[in-house]
Amino acid sequence: MQPNLFAVFQNEIVAEMIAVLISVAPIWLPILLGVIFWRLWTVYTFVWAEHRHGHTLLEIRLPRELSKTPLAMELVLSTLHQTSGESTFVERYWLGKRRPWFSLELVSLGGEVRFFVWKRSFFKPIVENAIYSNYPEVEIYEVPDYARELRYDRETTAAWGIEYKFTQPDPYPIKTYVDYALDKRGEKEEYKSDPITALLEYLGSCQKSGQIWIQILIQSHKKDKPQKGSLFGKVTWKDEAVALADKVLGRDPKTKVPLTKLGEFGFPASPILTDAEKHVAEAILRSVDKLAFNVGIRGIYIDKQETFKPVYIVGLLGCLKQFNSVELNGLVPAIRWSYSFSYPWQFERLRTPRLMGKLIRYYRERAYFHSPYRQRPLVMTTEEIATIFHFPGGVAATPTLGRVMSRKAEPPANLPI
C-alpha cells in the first residue's frame with residue numbers, strides 16, 4: 001500500500017513541476033534559445049572568418065653550420081606576437097575575428113626530422129622575413145600539410161597522443177637556454193649542451209613506417225584571467241609574476257622594500273634568502289621583461305597496427321623532461337587521449353580509436369584556443385618557447401636531421417653590372 005501511495009505522490013510532484021515549467025516557458029525559453037543561438041553564431045562567424053583567411057605550412061631547412069643562439073628565435077617569436085584583430089565587439093562577435101595564432105612543429109616523418117611553421121596565409125611574408133632576418137642561412141619552402149596527407153584508418157592505423165601541462169603555476173618559468181648557458185657567445189660548439197638535442201634524437205629514432213608529431217601552438221597573451229574579488233576585472237600573467245616574485249623576496253608589493261621582522265635580540269632584520277629562493281626570484285623577474293604567449297603543446301605517435309611500438313609512447317612521455325626544473329616549473333603529460341579500462345563492457349577497442357581520430361583532427365585544425373577544441377592554455381615567454389623550439393647549431397649531430405648541403409654566400413661586390 002505504501003509504495004503505491006509514494007508512487008502517486010511522486011507522480012503528482014513531477015506533474016506539478018512540469019506544469020510550472022510550462023507556465024513560465026515564455027520567460028526561460030527565449031533566454032535558453034538566445035544563449036544557444038549566440039553560441040552557434042559565434043562559432044559560425046569564427047569558422048567562416050578562418051576559412052576566408054586560408055592557412056599555409058612552411059618548412060624550414062637548416063644549413064650544415066649554424067652558429068646562432070636561441071636568442072635569434074626569441075626575436076622571431078617577438079615578431080609573431082600579434083595582438084590585433086579582435087579589439088572591438090563587432091570584430092570579435094559579428095565578423096568572427098580572433099587574434100592570430102601560430103603553430104611551431106617538430107616532426108619526424110619516418111625518422112626524418114623536420115621543422116614547420118603553420119600560420120594564416122596573410123602572415124607568410126611576415127614569418128619569412130622574421131626567420132630570414134635572424135637565420136639568413138636557412139631555406140624556407142611552402143609545402144603541403146603532412147597532417148592532412150595522413151589517412152587515419154581505425155582498422156590499420158594505431159595512434160597515441162598526449163597534451164602537456166605545467167607542474168607549477170604559470171609565472172614559474174621552465175629551465176631555459178639561459179640556464180644552459182646557451183646565451184653565451186664565443187664558446188665552441190663541442191662545449192655547449194643544447195636541451196633540444198635529446199628531443200631531436202628521440203624524433204630521429206622513429207622507424208620508417210611511423211610518424212611522431214610535436215606541436216607548439218602560440219597566441220599572444222592579453223588580459224585573459226579574471227581578477228579575484230572583481231566581477232569584470234582582468235589580470236595579466238605579468239601581474240601574477242610580479243606578485244609571486246615579491247612574495248619570494250619577502251618585500252612589500254607597493255614599495256618594493258623588504259619586509260622586516262624582529263630578530264633574536266629585538267632588532268629589525270630583513271629576511272635572509274637561500275640560493276634557491278634567489279634563483280627562483282631572478283628567473284621570475286627575468287621572465288617579466290619578456291613577451292608572453294598563450295601556449296598549447298601536444299604530441300602524437302602514429303604507426304601501422306602491426307609495427308606500432310609502445311616504446312615510443314614512453315619517449316613521448318619524457319621527451320620534454322630536460323626543460324624541467326625542480327625549483328621552478330616543468331612540463332608533464334596531461335593524459336587526455338589515452339584510457340586504460342579494466343572491464344570489457346567499457347568498450348576500450350571502440351572508444352580509444354575514436355578519441356585518436358578526434359585528436360588527429362584537432363591537430364590538423366591546429367585547434368586549442370577556439371572551436372572546435374578550446375582548452376585553458378599555458379602562459380610562456382619568448383625565452384621559454386625559444387628553448388623548446390629553435391634551430392640547433394652543430395652541437396645537434398642527429399643524422400636524420402635534414403640540413404642544406406651547401407652554404408649560402410653573398411656574391412662578390414666587384415661583379416660587372
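**Close-up views of a predicted model**

**View 1. Helices α8 and α9 packed against each other.** Helix α8, which spans residues 237-249, and helix α9 have axes that come within 9 Å and cross at roughly 155 degrees. An angle over 145 degrees counts as roughly antiparallel, and α8 is therefore roughly antiparallel to α9. The crossing of these two helices is left-handed. On the α8 side the residues that take part are Trp237, Lys238, Ala241, Val242, Leu244, Ala245, Val248 and Leu249, and they meet Glu277, Val280, Ala281, Ile284, Leu285, Ser287 and Val288 of α9. This view, like those that follow, is drawn from a predicted model.

**View 2. Ser287 within helix α9.** Ser287 belongs to helix α9, which runs through residues 275-288, and it is one of the α9 residues that meet α8. Because its relative accessibility is 4%, Ser287 counts as buried. A polar atom of the Ser287 side chain lies 3.0 Å from the backbone oxygen of Ala283.

**View 3. Helices α3 and α5 side by side.** The axes of α3 and of helix α5, residues 124-134, come within 9 Å and cross at roughly 160 degrees, which means that α3 is roughly antiparallel to α5. Their crossing is right-handed, whereas that of α8 and α9 is left-handed. The contact between them is made by Ala72, Leu75, Val76 and Thr79 from α3 together with Ile126, Ala130, Ile131 and Asn134 from α5.

View 4. Pro70 lies in the loop between strand β1, residues 55-63, and helix α3, residues 71-79. With a relative accessibility of 4%, Pro70 counts as buried. Apart from its neighbours within four places in sequence, Pro70 is in contact with Tyr177, Leu182, Ala386 and His390. Pro70 and Glu383 are separated by 313 residues in sequence, yet their C-alpha atoms are 8.1 Å apart in space.

View 5. Glu105 is found in strand β2, which covers residues 101-109, and it counts as buried because its relative accessibility is 0%. The side chains of Glu105 and Tyr146 are joined by a polar contact of 2.5 Å. Not counting residues up to four places away in sequence, Glu105 also touches Leu57, Arg114, Phe115, Phe116, Trp118, Ile214, Gln215, Tyr363, Arg366 and Phe389.

View 6. Most residues other than glycine have a negative phi. Arg366, however, has a positive phi near 50 degrees, and Ala181 has a positive phi near 60 degrees. Arg366 sits in the loop between α11, residues 348-365, and β13, residues 378-381, while the place of Ala181 is in the loop between β5, residues 157-166, and α7, residues 196-204. At 0% relative accessibility Arg366 counts as buried, whereas Ala181, with a relative accessible area of 28%, is partly exposed. Arg366 is also among the residues that Glu105 touches.

**View 7. Helix α7 and the elements packed around it.** Seven of the nine residues of α7 are buried, so this helix is largely enclosed by the rest of the structure. The buried residues are Ile196, Thr197, Leu199, Leu200, Tyr202, Leu203 and Gly204. They pack against β2, β3 (112-120), β6 (211-220), α10 (311-318) and α12 (382-388).

**View 8. The chain as a whole, for orientation.** The chain has twelve helices and 14 strands, and buried residues make up 45% of its 417 residues. Among contacts between residues at least 6 apart in sequence, 80% join residues that are at least 24 apart. The accessible surface of the chain comes to about 23500 Å², and 59% of that surface belongs to carbon and sulfur atoms.

How values were computed: Residues numbered from 1 in each chain as written. Predicted model: local features only at pLDDT ≥ 70, side-chain atom pairs only at ≥ 80, totals over all residues. Heavy atoms only, no water. Helix = DSSP H or I, 4+ residues; strand = E, 2+ residues; numbered from the N terminus. Buried < 20%, exposed > 50% of the residue type's maximum accessible area, 1.4 Å probe, protein only. Contact = heavy atoms within 4.5 Å. Polar contact = N/O pair within 3.5 Å; in protein donor to acceptor, adjacent residues only side chain to side chain. Areas by Shrake-Rupley, 256 points an atom, 1.4 Å probe, with all protein chains shown as cover. Axes fitted to C-alpha atoms, helices over the stretch in contact; angles between N-to-C directions. Parallel < 35°, antiparallel > 145°, perpendicular 65-115°, else oblique. Left-handed = near helix turned anticlockwise from the far one by under 90°.
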